[in-house]
Amino acid sequence: MKDAPIARISLGLIGIGLVLAVTNSLVNSVALSNKIYFIATVQLAIALLFAVRLNKPDRAVWPVLLLIVLCSSVAQIFDGTFTAQPSLQAIPESLFLVVQLLLASGLLFIVSRRLGSDPLSVLVDGLIVALGAWFFIWKVLLQPTIGTQSITPLISVIQGSTLGISAIVLFTLATLLFGDSTRSASVWLVTGAISLTLFGDFLYAANDAGRIDITSTYSSTAYIFGLFLASAAFIHPSISLLTERGPILTQRPLMGRLIVTTAALILPVVVLALTNPVDSVDRVVQTISIFVLTAAVTSRIIHSVRANAATQHQLIESAQTDALTGLPNRSLMLALVNNSLITAMTEGRKPTVLFIDVDRFKNINDSLGHQAGDAVLIAVAQRLRNALPHRCAVARISGDEFVVLDPDTQDSSDAMQLANRVLESFYEPLNLRQGDVFVSASIGVSSFDPSITSTADDLLRHADTAMYRAKDAGRNCVAVFDESMLERVTQRLAIETALYRALERRELRLVHQPIVDIDMGDVVGFEALMRWQRDDGTMLSPAEFIPIAEETGTIVPLGAWALLEALTHLRGWITQGICRSDATMSVNVSPRQLHDPNFVAVVNEALLRAHVPPEQLWLEVTESVMIAQPEQALDALNALCALGVRIAIDDFGTGYSSLSLLQKFPIQRLKIDKSFVNGVAQDESARSLVRTIIAMGDSLGLDMVAEGIESVEQLQILAEMKCAKAQGFLISHPVPPESMGSTIASLNSFGAWNKLRGKKS
Ligand code: C2E
Ligand code: MG
Ligand code: MG
C-alpha cells in the first residue's frame, strides 16, 4: 500500500476518536462510556496487528506495545469489578503499574536511540520536567491520600508507584520532543496518546484523592481519545522510523523546550511557597526532590556554559583556519605577525615572513581538475609543515598563496636558509591520487626592519612584493625584499595609470624591423614593434609596458590600434614603391587579444581599412597561447585563418609546446627565438638544436624565420642550415616608418647583402 492512503487512515482514526471522545463526555453515561472504551481498546488491538504487518516493525518495540495494550485492556476490564473484594483490586492496579513500567522502559529505549548531538542537555531538561511533575504529583495526589483512603496500603503503594512512574514517562516524552531529531507524525501522535493517558490518570487520581469531583466518564474521555491517537500512530507509516534518529532539525525546538522546563521549575517553587510540609515524610520527600531538582538545574547550567564556551571556541577557530588545509588563514596569520612584531620591538627580535606562491597552479587546476588542485594544496601544506621548524607558523592566505612566519631569525642568511629549505622541499614530487605531480614555488622574503616595517601588513606586503620579483625572475626561486622594490611597485602603478591615457594622447608609436629572405637578400616583410614615448620624454620598451597592458586589459585597444597602424604603414610603403608589393607585415598579438570575442572582426576591419590583402598579414603569437585555454585559442586562430591571415609562433623554443600541438594548430611560420640564434656561432648544442628545429619546421611545411641575428657568423650558419628568413640588428634595428625607405634602400644597395653574408661580391 502507498504511504499517502495509509496516512489518511491515520487521520480517519483521529477523527473517529475525537467524535467518540466528545460523545462520551457529552452523554456522560457509564454504560455508554464502557462500550466506547471497549470499542477503543478493540480498534487499538486491530490497528496494532494491522500495523505489525504493514509497517516494518522494530522487533524490540512491537512486543512491548502489544503487551502494553493487552495489560491495559485486561486492567481496564477488571478495574472496578473487585470493589467488594479490595484485596483483588490489587490485580488491575498491578497491571496498570506494569503498563506504566513498560511504557517508561519502551520510551526510554526509543529515546536512547533518538538522542541527538547534545544528549546531556536533553536528558537534564527531561529530568527537570519529570522532577517538576513528580513534585506536583506528590504534593497534589500522593501525599494527601497517604493513610486516608479506604484502600489497602498495598494498593496505595501500587497506585503511588504508578503515579511516580508517570513522572519518568513524562521525562522520556520530554526528551523525545527536546532532541534535535526530526519529529515525525507518529512521534507527535505517540506523545499525544501518552499525554492523554497521563492526563486521564491524573483526573482519575485527583478524583480518588478528593481533589476534584468528576465522574469517571471524563477521565475515560481522555483514555478513549488517547487509544485512538495510539492506533493512528501505529498505523502511520512514519512509525517504522520511531526508533531511528531522523534527519537533524535545522532549527532546534529551543523555545518550546524553554517554556516547558521553566514551567516545570516554577511549579515546585509555587507549590513550596504556598504549602508547608505536612509531616516528616512530606518534609523528606520535598527536601530530596528539591535537592535533586537543584542538582539537575546546576548541572544543566554548567553544561550550558561549557557548551557555549566550546561553541565560541569552535567559531573562533573556524573563522581563523583555512577549511581545506587546516592551516591558519590570513586573519590569524596577520595576528601572529602582529604579535611577533610587538615582541620584536620589545625584545629586539627579527621576525621574517616568507610569501610562497605555487608556480603555474592555474595550469594544474585547468589540466588536472579542481580536485587535483585541492590535493596539491593539501600536499603543499603538509610539505611546508614538515620542512619547517616548530617555531614557524604556516598559513594559507588565499588560493595558492602560503605564508610562513619565523618569529625569530638572527640575520638575513638565516632567513635565506629558511627560504631555501622551503624551495628544496618542492624538489620531490607530490604523491597524489591522480599520480605524481611536480610543483615549484616562487618565494618572497621579508625580514623585520624598524625603518620600513611598522605593521604586520607592511611585512606581509613586502614579502608579497619580493615574491613577484621571484616570479619575474623566472619562478622557482627566492627573492629578498629591498626598498627599491617598493619604487618599482610605485613605478608600475604610475605606468598602469598613464597607459590608460597613452592612446588618446598619441604617445604610442610603431617601429618596424625588416625581415629578409636569406637566399635572395630581399626585404620580404616587416615586424611592427610598439614604443611608448611618454610626455616626460622617456621612451619605454614593450617589455616594460606590454605585460602591464596585458594584465589590465588595455592591450585590447592598444593591439587594435597597432594592427591598423602597421597595415596602414605597409600600404603606404607599397604605394610609394618603397617595398615589394607582396611584402608582409607581422603584428604581435597577446593571448588576451586572441581571447577577445571581437578580435577577428577587428583584424578584418583593419585589413579592409588599410586595403591590405589578408595573406600579407602575419599574426605572431607565443607558444603559451596553445597551452593555456587551447580550445578557445584554436577557435580564434581557425577563424583568422579562414579570413586568409597567417599565423606565426614567436620566440619558438622558449615555451613548452609539443609537436602534437604544432600539428593541431593552424600555423604557417616558426620564429626561432634569439636565445638559440645567439648560441649557434659558439655552441655546438645550440647549433644542433636550431638544426633540429629547422628540420622539424621544414617537415611540417612551415616557413622559418631566425630572430635576433646580430653577427655575420650567425647569419652564415643559418643560411647553411637552410633557414628561409632572417631578422635582427645585423640586418636592421627596428626603425620608424619614415626611415623605412632609406633602410630598405641601403639593404638593397649593390652588394650589401653579400657583404652581410660575408660573401665577396
Ligand atoms: P618579439 O615579438 O620577439 O620582438 C622581437 C624583439 O627582439 C624586439 O624587441 C626587437 O627589438 C628585438 N630584437 C630584434 N632584433 C634583435 C637582435 O638582433 N638582438 C636583440 N637583442 N634583440 C633584437 P622589442 O621591440 O623590445 O619587443 C619586445 C617584445 O614585446 C616583442 O618580442 C613582443 O613580444 C612584444 N611586443 C612588441 N610590440 C608589441 C605589440 O604591438 N603587441 C604585443 N602584444 N606585443 C608586442
Ligand atoms: Mg614578434
Ligand atoms: Mg620574438
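**Entry 1: Asn476.** I looked up Asn476 in this predicted model and found it in the loop between α15 (456–472) and β7 (478–480). Helices and strands here are DSSP runs (H or I, at least four residues, for helices; E, at least two, for strands), numbered from the N terminus. Asn476 has a positive phi of about 55°, although it is not a glycine. I noted its relative accessibility of 38%, which counts as partly exposed. The cut-offs are under 20% relative accessible area for buried, over 50% for exposed, and partly exposed in between, with a 1.4 Å probe and protein chains only.

**Entry 2: Arg360.** I then checked Arg360, which is not a glycine either but has a positive phi of about 50°. Arg360 sits in the loop between β1 (352–358) and α12 (361–368). Its relative accessible area is 40%, so Arg360 is partly exposed.

**Entry 3: conventions.** I wrote down that residues are numbered from 1 along each chain as its sequence is written, and that chains are lettered from A and ligands numbered from 1 in the order in which they are written.

Entry 4: I traced an open sheet of five strands in the order β2-β3-β1-β6-β7, with mixed pairing. Its edge strands are β2 (393–398) and β7, each of which pairs on one side only. Two strands pair if DSSP finds at least two bridges between them. The twist averages 20° from one strand to the next.

I followed β6 (residues 441–447) to its neighbours. With β1, strand β6 pairs in the antiparallel sense over seven bridges. Thr352 has Ser447 in β6 as its bridge partner, and Val358 stands opposite Ala441 in β6. β6 and β7 run parallel and are joined by three bridges; there Val445 stands opposite Val480 in β7. Six of the seven residues of β6 are buried.

I also found α15 lying across β1, β3 (401–406), β6 and β7, at about 140° to β6. Contact means heavy atoms within 4.5 Å. Axes are lines fitted to C-alpha atoms, for helices over the stretch in contact, and angles run from 0 to 180 degrees between N-to-C directions.

Entry 5: Glu620 belongs to strand β12 (residues 617–622) and Asp650 to strand β13 (residues 646–652), 30 residues apart. Both Glu620 and Asp650 are buried.

**Entry 6: confidence.** I ended with pLDDT, the predictor's confidence in each residue, from 0 to 100. The protein averages 86, and 93% of the residues score at least 70. Among the elements, helix α3 (residues 61–78) has the lowest mean pLDDT (76) and strand β11 (residues 584–588) the highest (98).

Conventions: Predicted model: local features only at pLDDT ≥ 70, side-chain atom pairs only at ≥ 80, totals over all residues. Heavy atoms only, no water.
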